[in-house]
Amino acid sequence: MIYSVKECFLTLQGEGVQSGSRAVFLRFAGCNLWSGREQDRATAQCNFCDTDFVGTDGEGGGKFKDAQAVAAHVEKLWGSGGQERLVVITGGEPMLQLDKELVDSLHARGFRVAVETNGTLPAVPDLDWVCVSPKSGTEVVQRQGNELKLVWPQEGIDPAELEEWNFDHFLVQPMDCVNRAEALKAAVGLAMDRPKWRLSLQAHKVIGLP
Ligand code: SF4
């Protein structure tokens, strides 16, 4: 299988429970909820995306001929140090391309494999960390995992319903949009009203990392 990778780089995880952890970010190209083109945003199923996932032209991106080639690329970016290796696979929607062969190849090189998905496709087996970020109006099939990350506010989502899903951590993150101050207030309000939820901020944006 050919894997299309938008970008791949070493950074610190900026969001969620693993925030602050050194990680290789592997961003797959493509998403099933938006084409990534601005002219399609208004009619997309997900229309608040802050990520460029189109093509393979980003830093460390490209077309990779097989799982071993992707895993070798990730390992090279990690550099020296054999312990606590972490790769965060995101997108776009990573489940469009991620398969067990790639998960196995990354495990063979000592990586813990984390994914960030919109949950509309089932997660592949043997992942070490599953973060689902639900989008309003979509059918989420992946209702279990380690971390549920709710970008807030989103009309049409009831946090009380999400609380029935099987996750270890429930995080609410203010939407990065023109009404940022309002979104932060809404996210803080949700965490104050419903103690199951914890506030998550995008630390990488504060410290100037990609
Ligand atoms: S599901 Fe995620 S990657 Fe896809 S358009 Fe929405 S925010 Fe962007």
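Colleague: Which residues form the nonpolar patch on the surface?
Modeller: Leu 184, Val 188, Met 192, Leu 199 and Leu 201 form it, with about 450 Å² of accessible area together. Patch residues have over 30% relative accessible area and no salt bridge, and nonpolar side chains are joined within 5 Å. This is a predicted model, where local features need pLDDT of at least 70 and side-chain atom pairs count only at pLDDT 80 or more. Residues are numbered from 1 along each chain, and side-chain values use heavy atoms.

Colleague: Which helix gives the most to the patch?
Modeller: Helix α4, residues 180-193, with 3 residues. Helices are DSSP runs (H or I) of at least four residues, and strands (E) of at least two.

Colleague: Where is Leu 201 found?
Modeller: In the loop between β9 (197-199) and α5 (203-207). Leu 201 counts as partly exposed because its relative accessibility is 46%. Buried means under 20%, exposed over 50%, partly exposed in between, with a 1.4 Å probe.

Colleague: New topic. How many disulfides does the count come to?
Modeller: The count comes to 0. A disulfide needs two cysteine sulfur atoms within 2.5 Å. For Cys 131, the nearest cysteine sulfur is that of Cys 46, 14 Å away.

Colleague: Is Cys 131 buried or exposed?
Modeller: Buried, at 1% relative accessibility. Cys 31 is partly exposed, at 22%.

Colleague: And what volume does the largest pocket have?
Modeller: About 800 Å³. Of its 39 lining residues, the closest to the centre include Glu 15, Arg 27 and Asp 50.

Colleague: Which element gives the most to that lining?
Modeller: β1, with 4 residues.

Note on methods. Patches are made of residues with over 30% relative accessible area and no salt bridge: like charges are joined within 9 Å, nonpolar side chains (Val, Leu, Ile, Met, Phe, Trp, Tyr) within 5 Å. Accessible areas come from the Shrake-Rupley method with a 1.4 Å probe; for residues, only the protein chains shown count as cover. A salt bridge is a side-chain nitrogen of Lys or Arg within 4 Å of a carboxyl oxygen of Asp or Glu. On a 1 Å grid over the protein atoms alone, a cavity is a set of points where a 1.4 Å probe fits but cannot get out, and a pocket is an open set with protein on both sides within 12 Å along at least five of seven lines; lining residues have an atom within 4 Å of a point. Grid points are joined across faces, edges and corners, and a volume is the space filled by probe spheres set on the points.
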